[in-house]
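Work through the exercises below with the sequence and the model open beside you, and try each task before reading its solution.

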Amino acid sequence: MANLVTKRLRMVSWNQELVLTAMEDKSRLSQILGLEVSHDFPSDSVRKFVLPMTLEELERDPSIGQWSGMIVHVSDAILIGTMGFKSSPDEFGNVEMGYDIIPKYQGQGYATEMAWALIEWAFRQPSVDCITAKCLVTNIPSVRVLEKVAIC
């Protein structure tokens, strides 16, 4: 997913150092990336559940980092969320997309914008045949994002 860029955003793919630093030292993450890191980045659920799993995957296979990363708001020079696929494609070519945007940047179309870019990138990969995503039906903003990017 190198150089995944949209009109307002860009993606920084995960590597082991970035995952560990995002979990443990936001000040250091800011220095590494040369970006502002909000107090609410990453969200608690991403920090507690997603990043540890990502780290385990990266330890087994560093190339897994290309399947997910951090979302940068380019003009504000700040990390606003995470997005990617929960793993590389399975044996049937399936991947599941997930995303998380910090509260200050929610409701402004950023998740939708990056989701479109991520979907377009994924379908250019020869190993991807199907992209899925799921959320709670009570998470109306996330439901709307998924409705906007549904291509079936």
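**Exercise 1: two helices in contact**

Ala111, Thr112, Ala115, Trp116 and Ile119 in α4 meet Val145, Lys148 and Val149 in α5, where contact means heavy atoms within 4.5 Å. This is a predicted model, in which local features need pLDDT of at least 70 and side-chain atom pairs count only at pLDDT 80 or more, while totals for chains, interfaces and linings use all residues. Residues are numbered from 1 along each chain as its sequence is written, and side-chain values use heavy atoms, with hydrogens and water left out.

Task: describe how the axes of α4 and α5 are arranged.

Solution. Begin with the axes of helix α4 (residues 110-123) and helix α5 (residues 140-149), which come within 10 Å and cross at roughly 40°.

**Exercise 2: one residue of the contact**

Task: is Thr112 buried or exposed, and which residues does Thr112 touch?

Solution. First locate Thr112, which lies in helix α4. Then read its relative accessible area of 12%, so Thr112 is buried (buried means under 20% relative accessible area, exposed over 50%, partly exposed in between, with a 1.4 Å probe and protein chains only). Lastly, leaving aside residues up to four places away in sequence, Thr112 touches Val145, Lys148 and Val149.

Notes:
Axes fitted to C-alpha atoms, helices over the stretch in contact; angles between N-to-C directions. Helix = DSSP H or I, 4+ residues; strand = E, 2+ residues; numbered from the N terminus.
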